[in-house]
Amino acid sequence: MKKPATVPSARSSDKAWERLNREIVACQNCPRLLAHCRQIASEKRAAYLDECYWGQPVPNFGQPHVPLLIVGLAPGAHGANRTGRMFTGDRSGLWLYRALHHAGFASQPSYERADDGQRLIDCAITAVCHCAPPGNRPTGEEIDNCVEFFARSWELADPRIVVALGKIAWDQTFRFAKSRGWWSGKTPRFAHAAEVALSEQTVLLGSYHPSQQNTFTGKLTEKMLDSVFRRARALCG
Ligand code: SF4
């Protein structure tokens, strides 16, 4: 049977995803963030002095048309801003890829290098902001600047399940849902393991962000993060 014209073929959505990622990497919309990314890349951390930092916007990781879309906040200064791959190269990545691997969403738990052969399974990773912000806090204007990429990433991923890592990702997800007319009224309170039917097709799960601020303090444990992705796996069916 012929597909409706609105459903892109796998091939065309792959191309659109690649084009989107190229546009993200080339984006110049936030001078403060771009200057910060470059500054971090030139100063470097002592442990990475012999490495060539990525130092520019970080593209989405994974493929379009997946059941699960993971929404992070922004690249880590010495993590994704160094390696060029989402959640790769820092402790947040250690926690995230380990949990993804446990739940069958990543081929391996590795998180340190972008050339490790890591393969996402049934999921993609995007972010509210694709550039590392000073103090891990993008401004409202910078989040607005990146919203088009957020919307296009969502549309191409076309997820049934979304995991929002942290309150900013949670709020941005509701903002997007409201813009699409899927949600009206107040944004539900963000909580770890919160679950909301965002639309008839999409379930949103909240998770504390696996930042050191949360993992070092015990606010987020390995078991807690695993439980969110195990729930996402169960929802995949
Ligand atoms: S945060 Fe987003 S909009 Fe701003 S420069 Fe980076 S990619 Fe562009």
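Okay, hi everyone. One thing before we start: what we're looking at is a predicted model.

Let's begin with the ligand. Where does it sit? It's in the largest cavity. Around it you'll find Cys27, Asn29, Cys30, Leu33, Pro57, His130, Cys131, Asn145, Cys146 and Phe149. If you sort that shell by type, you get seven nonpolar residues, three polar ones and no charged ones.

Now on to the cores. The largest nonpolar core has 37 residues, and the ones touching the most other members are Leu69, Val71, Trp154, Trp170 and Leu204. Which elements give two or more residues to this core? On the helix side, they include helix 1 (10-26), helix 2 (31-43), helix 6 (147-157) and helix 7 (167-179). Strand 2 (68-72) and strand 4 (161-165) are on that list as well. Helix 6 gives the largest share, six residues. And there's another core apart from this one, with 32 residues, including Ala80, Trp95, Tyr97 and Leu220.

Skipping its neighbours within four places in sequence, Val71 is in contact with Thr126, Val128, Phe150, Val162, Val163, Ala164, Leu165, Ala169 and Thr173.

Next up, Asn81, which you'll find in helix 3 (residues 80-83). Is Asn81 buried or exposed? Its relative accessibility is 0%, so it counts as buried. Leaving out residues up to four places away in sequence, its contacts include Cys37, Ile40, Ala41, Tyr53, Trp54 and Pro75.

Two of those partners deserve a look of their own. Pro75 is in the loop between strand 2 and helix 3. Pro75 counts as buried because its relative accessibility is 2%, and the cut-off for buried is under 20%. Pro75 and Met86 are 11 residues apart in sequence, and their C-alpha atoms are 6.5 Å apart in space. Beyond four places in sequence, Pro75 touches residues including His130 and Cys131, and both of those also belong to the ligand's surroundings.

Trp54 has a relative accessible area of 29%, so we call it partly exposed. From Trp54 to Ala41 is 13 residues in sequence and 7.0 Å in space, C-alpha to C-alpha. Setting aside neighbours within four places in sequence, Trp54 is in contact with Val25, Pro59, Ala80, Asn81, Arg82, Thr83 and Gly84.

Terms used: Residues are numbered from 1 along each chain as its sequence is written. This is a predicted model: local features need pLDDT of at least 70, side-chain atom pairs count only at pLDDT 80 or more; totals for chains, interfaces and linings use all residues. Side-chain values use heavy atoms; hydrogens and water are left out. A residue is near a molecule or strand if one of its heavy atoms lies within 4 Å of it. On a 1 Å grid over the protein atoms alone, a cavity is a set of points where a 1.4 Å probe fits but cannot get out, and a pocket is an open set with protein on both sides within 12 Å along at least five of seven lines; lining residues have an atom within 4 Å of a point. A molecule sits in a cavity or pocket if more than half of its atoms lie within 2 Å of its grid points. Ala, Val, Leu, Ile, Met, Phe, Trp, Tyr, Cys and Pro count as nonpolar, Asp, Glu, Lys and Arg as charged, and the others, Gly among them, as polar. A nonpolar core is a set of buried Ala, Val, Leu, Ile, Met, Phe, Trp, Tyr and Cys residues joined through side-chain atoms within 4.5 Å. Buried means under 20% relative accessible area, exposed over 50%, partly exposed in between (1.4 Å probe, protein chains only). Helices (H or I, at least four residues) and strands (E, at least two) are DSSP runs, numbered from the N terminus. Contact means heavy atoms within 4.5 Å.
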